[in-house]
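User: I would like to go through the aromatic side chains of a model with you. Could you take my questions one at a time?
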Amino acid sequence: MDLEVENWIDSLPYIDTQYAEPGMKEQVEKLIKNEMKTFQPRKDYLAHLPSPPTIFERNPLLKQEFERIARGERIPPIDTVRYQLNRPSTEHWNDISSWNTAVNNARSQLEHQHLRLMNLELMLKYGSNSWLQHNQQVQQTTEVLKNQLSTLKNQITETNRKRKLDQMNIGPKLQQLDEEFYGLCQQNIAIEQACHQIEKKIKEYHDRDFTNFKSS
């Protein structure tokens, strides 16, 4: 059976007020718990859904990172050795390649500091205006979201108001039909009892006539 039509919810909260009666909530929760104990878990409750797409198939680095997260492994720590200005050790003091590596590392660090100074100068020159523009965009976005939220709240209020009016208007008709239903049920019970009484009398008459017929 499709999930869309497997479970139907039938609720008239503005008419069915029995839930507010004392002890009714506990009774309902008990019935729900007893009913839930009879549920059988499904083996594959996602069988109706399509298979998930392959993630990051064209990007091995992102795929590897996604698999690492899926395995629950922590991200490797950042290697800070290359950010340190270490000269060659005593063993490699006369090794030209070691000194070239150290000098290249120093040049990289110097260039990094130049970039930091450049970014700081740009921030001092343009940062305030950029931040003001960003704040303005955030305020505009906030106003748009507030308006959307207000619209949704009004729609929810209108829907609840319409539900209440519809249920209150149909309430007397439902009560009338409910009384007619129980009245017909009582009539059916009375008719059934009368039928049993008639069948009982017919059987008694039949047995008595059969007994008289045998005795004659």
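User: Is Phe56 buried, partly exposed or exposed?
Analyst: Phe56 is partly exposed, at a relative accessible area of 35%; buried means under 20%, exposed over 50%, and partly exposed in between (1.4 Å probe, protein chains only). This is a predicted model, in which local features need pLDDT of at least 70, side-chain atom pairs count only at pLDDT 80 or more, and totals for chains, interfaces and linings use all residues. Residues are numbered from 1 along each chain as its sequence is written, and side-chain values use heavy atoms, with hydrogens and water left out.
User: How many aromatic pairs are there?
Analyst: There are three aromatic pairs, where rings of Phe, Tyr and Trp (its six-membered ring) pair if their centres lie within 6.5 Å, and planes under 30 degrees apart count as stacked, over 60 as edge-to-face and the rest as tilted. Phe56 and Phe66 have ring centres 6.0 Å apart and planes at 70°, so this pair is edge-to-face.
User: Which parts does the pair of Phe56 and Phe66 tie together?
Analyst: Phe56 lies in the loop between helix H2 (24-36) and helix H3 (60-70), and Phe66 in helix H3, so the pair ties together parts that are ten residues apart in sequence. Helices are DSSP runs (H or I, at least four residues), numbered from the N terminus.
User: And what is the relative accessible area of Phe66?
Analyst: Phe66 has a value of 40%, hence partly exposed.
User: Turning to tryptophan, what is the geometry of Trp93 and Trp99?
Analyst: Trp93 and Trp99 form an edge-to-face pair, with 5.2 Å centre to centre and 75° between the planes. Trp93 is partly exposed at 39% relative accessible area, and Trp99 is partly exposed at 31%.

Terms used:
Helix = DSSP H or I, 4+ residues; strand = E, 2+ residues; numbered from the N terminus.
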